[in-house]
Amino acid sequence: MKIDPERFLSDLHKLREFGASGIGKGVIRPAYSDADIAARKWLAEQMKDAGLRVHFDPVGNLFGLADGPSILLGSHTDSQPEGGWLDGALGVIAGLEVARAAKEAGGPSVSVVSFQDEEGRFGVLTGSAVWGGKIDLQTADALTDDTGLTFADARARMADLSSGFVDPEQFTGYIEMHIEQGPSLDSSNTQIGVVSDIVGIRDMRITFNGQQNHAGTTPMHLRRDAFQALSAFNAEINDRFANVVTPHTVWTIGHAVLHPNASSIVPGRATFSMQWRDGDADRLDRMEKIIRTAADEIADRTGLTVEFGDLLGLEPETMNDNLRGALEAGAEDVAPGNWGVLPSGALHDATNVARLMPVAMLFVPSINGISHAFDEDTDEADLSAGLKVLARAVSRISA
């Protein structure tokens, strides 16, 4: 199997033209957008040219299927609202190159996938969550994005392309190559990272309901200001977590909406996202109890009410020893002494796929640890090194 790094890089740069932001190498390619659908159609043509059988499933997951039992490689090609050119795209194009090279060499058998809505426009890793059985299609169809658009209406845009779900029994395992999206590899000048496990995540919307009122005539001591409750929650939650979390635990309030969001009106409602991540499921549960207790107590003392939305999330997932071992051997071949083992603090489709088959992940450095931003980037020598590790691992697994 002879891979072609130049062909791989050319395809990777071509993919970033779909939804190009015009700022550096950034892309704007949210799930089911015009750019996303155009990118998937282009990718389908590349899969077909590589001798793979193209298959879109009902939620827009795109598979390039090899004949017979095969290893599955891939990731996703949708992006954040302001995203980088490598997040997800790297794993798909690397998988395509390995599949293409394998086909040219007469084996091994390699299939490729680009999952839909990994970036969470509608849920948490939505496309792989449905395929992996984490949520059923009816439940997913009721999910909405920030504008109120339903998942059902969004996926209807691809209805003319789709057929049934792919049977996972034909795959012997799944490997996902990805940028690290953090600073560990870059700061230590380490070229390759083999993932030990993927952290679990919990995500919930919380709403404080107060009393909308005139900002000029309502005395401060009589206000039931929903934003003040949000502010108090944000200030207190760090202290309340202190004896529970570890240095690797993270939590984020990443999206907040005030109603009516006007400068002369005391906010009557504040809705915000609360997300927390850790590699220990019990710790995630303990953090949930702290979050709910803190919000309830703040609401009580400020004269507000609080509502909790549905709790979304995924459990921590340990990588398969056999697949991980093949990646480690490949890393030592390609970057002797210059690779390491690390956990993934970001979620990936591999978490959902692990419900169906053995999984493993491979990381390459993110320059300055930046991702989910237009200036996300990785040195092309590191991209090619990661591709070589992936190819060698696939060859070992299939030997």
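Partly exposed means a relative accessible area between the buried limit, under 20%, and the exposed limit, over 50%. Arg324, at 22% relative accessibility, therefore counts as partly exposed. The model discussed here is predicted.

**Salt bridges**

The whole structure holds 21 salt bridges. Three of them are tabulated here.

| Side-chain pair | N to O distance |
|---|---|
| Arg100 and Asp11 | 3.0 Å |
| Arg324 and Glu328 | 2.9 Å |
| Asp333 and Arg392 | 3.8 Å |

Arg324 and Glu328 both sit in helix α10 (residues 321-334). They are four residues apart, so about one helical turn separates them. In general, an α-helix has 3.6 residues a turn, so residues three or four places apart point the same way.

The salt bridge between Asp333 and Arg392 links distant parts of the chain: Asp333 lies in helix α10 and Arg392 in helix α12, 59 residues apart. Asp333 is partly exposed, with a relative accessible area of 36%. Arg392 is also partly exposed, at 41%. Elsewhere, salt bridges with shared partners join Arg7, Asp11, Glu97, Arg100 and Glu104 into one network.

Arg100 is buried at 10% relative accessible area. Asp11 is buried, also at 10%.

**Helix α1**

Asp11 is one of the buried residues of α1 (residues 5-15), with Phe8, Leu9, Leu12 and Leu15. They lie on the same side of α1, because they cover an arc of only 160 degrees around the axis. Their cover includes α2 (34-49), α3 (89-105) and α12 (380-398). At the start of α1, a side-chain oxygen of Asp4 comes within 3.1 Å of the backbone nitrogen of Glu6.

Key:
Residues are numbered from 1 along each chain as its sequence is written. This is a predicted model: local features need pLDDT of at least 70, side-chain atom pairs count only at pLDDT 80 or more; totals for chains, interfaces and linings use all residues. Side-chain values use heavy atoms; hydrogens and water are left out. Buried means under 20% relative accessible area, exposed over 50%, partly exposed in between (1.4 Å probe, protein chains only). Helices (H or I, at least four residues) and strands (E, at least two) are DSSP runs, numbered from the N terminus. The arc is that of the directions from the helix axis to the C-beta atoms. Contact means heavy atoms within 4.5 Å. A polar contact is a pair of N or O atoms within 3.5 Å; within protein, one must be able to donate a hydrogen and the other to accept it, and residues adjacent in sequence count only if both atoms are side-chain atoms. A salt bridge is a side-chain nitrogen of Lys or Arg within 4 Å of a carboxyl oxygen of Asp or Glu.
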